[in-house]
Amino acid sequence: MRALVVDHSVPAGLRLGDAPVPELAPHQALVRVMATSLNDGEIRYVLKNTPDGAVLGWDAAGVVEKAAADGSGPAVGTLVVTLGAAGAWAELRAVDTDMLGVVPDGADMAAISTIPVAGLTALRALHRLGPILGRKVLVTGATGGTGRYAVQLARLAGAHVVATTGNPDAHGESLRALGAHQVITDPTAVDTSVDGVVDLIGGRQLVDSFHALTERGTLVAVGHAANEGEQFPFGSFFGDQRRHDRSIVTFFLLACTDLAPDLTWLASQVTSGTLDPNISWRGDWSQAADAANALLERRLHGKAMLEFH
């Protein structure tokens with residue numbers, strides 16, 4: 001089958017080539033991929049540490065070509081959105097059925113392919129905050145794919161949404177259109193304490209976001225765009241602080257179980273137009289190097305996706 005294979009001798013480390021058709025475990029379906037979206041993490045970190053010839057890719061949307069032998073998951077011919085640790089950048093993909101959501105007929109499969117990592121991460125992060133109706137939620141790094149989904153989902157859940165971006169003049173209007181009530185440069189500009197944080201930056205912004213939390217507030221640490229560690233000032237966790245009862249939590253998306261219902265729900269919201277997938281780059285899979293370079297150079301604010309033909 002055709003695939004984008006890792007080749008460190010070519011620009012961006014990817015080329016069109018051939019790969020074996022994946023073998024299926026009993027709980028896996030075989031999916032013919034129609035579109036995939038690229039994520040900064042897989043391009044910036046995973047790709048450079050993967051040997052030549054491998055087929056990577058976390059996100060893919062397509063159609064079931066062979067149903068799972070154990071009877072789980074949808075039937076042959078069903079449109080689906082899929083998540084996995086690898087294999088999305090190929091014509092055929094083996095997918096665990098608990099990481100496979102059903103897509104409504106008539107959906108734009110390119111838009112659907114943006115959902116798995118970005119949409120699920122945003123949704124699961126907000127779940128970790130608990131009920132947010134009427135509460136104030138901060139989303140750092142809101143201009144990326146995950147951040148834009150998080151802004152929309154937090155607004156849908158009834159939160160007062162504060163979004164950070166390094167350039168509010170350039171991105172403020174689009175973030176407000178997605179549901180942000182306020183757009184600021186960084187967490188130190190928050191006017192009052194927040195009840196929850198979805199942090200997609202890490203480093204100094206994570207520390208500043210933690211200090212912006214109200215008592216019993218929660219910060220979900222998701223992203224690492226700052227590419228730096230977190231150093232908290234001495235005394236940040238003293239028990240006599242006015243707002244000492246605060247939490248920092250993390251999660252690993254691929255370790256979550258039963259993602260199929262969330263994928264199905266997100267696909268319905270994107271198809272209906274309730275959620276905007278924020279596609280900022282769209283092309284054929286022969287243009288993978290161009291998309292990868294745009295991500296590496298941080299020229300994209302939203303999702304990059306490739307259609308397979």
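What follows looks at some helix packing and at the nonpolar cores.

## Before you start

This is a predicted model, so local features need pLDDT of at least 70 and side-chain atom pairs count only at pLDDT 80 or more, while totals for chains, interfaces and linings use all residues. Residues are numbered from 1 along each chain as its sequence is written, and side-chain values use heavy atoms, with hydrogens and water left out.

Helices (H or I, at least four residues) and strands (E, at least two) are DSSP runs, numbered from the N terminus.

## Helix α3 against helix α4

Two packed helices are described by the angle between their axes and the distance between the axes. Here, α3 (residues 115–129) and α4 (residues 145–156) pack at about 45°, and their axes are 8 Å apart. That makes α3 oblique to α4; angles under 35 degrees count as roughly parallel, over 145 as roughly antiparallel, 65 to 115 as roughly perpendicular and the rest as oblique. Axes are lines fitted to C-alpha atoms, for helices over the stretch in contact, with angles running from 0 to 180 degrees between N-to-C directions.

On the α3 side, the residues meeting α4 include I115, A118, T121 and L126; their partners in α4 include T146, Y149 and L153. Sorted by type, the residues of this contact are ten nonpolar, four polar and no charged (Ala, Val, Leu, Ile, Met, Phe, Trp, Tyr, Cys and Pro count as nonpolar, Asp, Glu, Lys and Arg as charged, and the others, Gly among them, as polar).

## A look at T121

T121 sits in helix α3. Is T121 buried or exposed? With a relative accessible area of 9%, T121 is buried (buried means under 20%, exposed over 50%, partly exposed in between, with a 1.4 Å probe and protein chains only). Not counting residues up to four places away in sequence, T121 touches P116, T146, V222, F251 and L253, where contact means heavy atoms within 4.5 Å.

## The nonpolar cores

The largest nonpolar core has 48 residues; such a core is a set of buried Ala, Val, Leu, Ile, Met, Phe, Trp, Tyr and Cys residues joined through side-chain atoms within 4.5 Å. Among those with the most contacts inside the core are L83, I115 and V151. Elements that each supply at least two residues include β5 (79–83), α4 and α7 (260–272), but the largest share, nine residues, comes from α3. Apart from this core lies another, of 27 residues, W89 and L295 among them.
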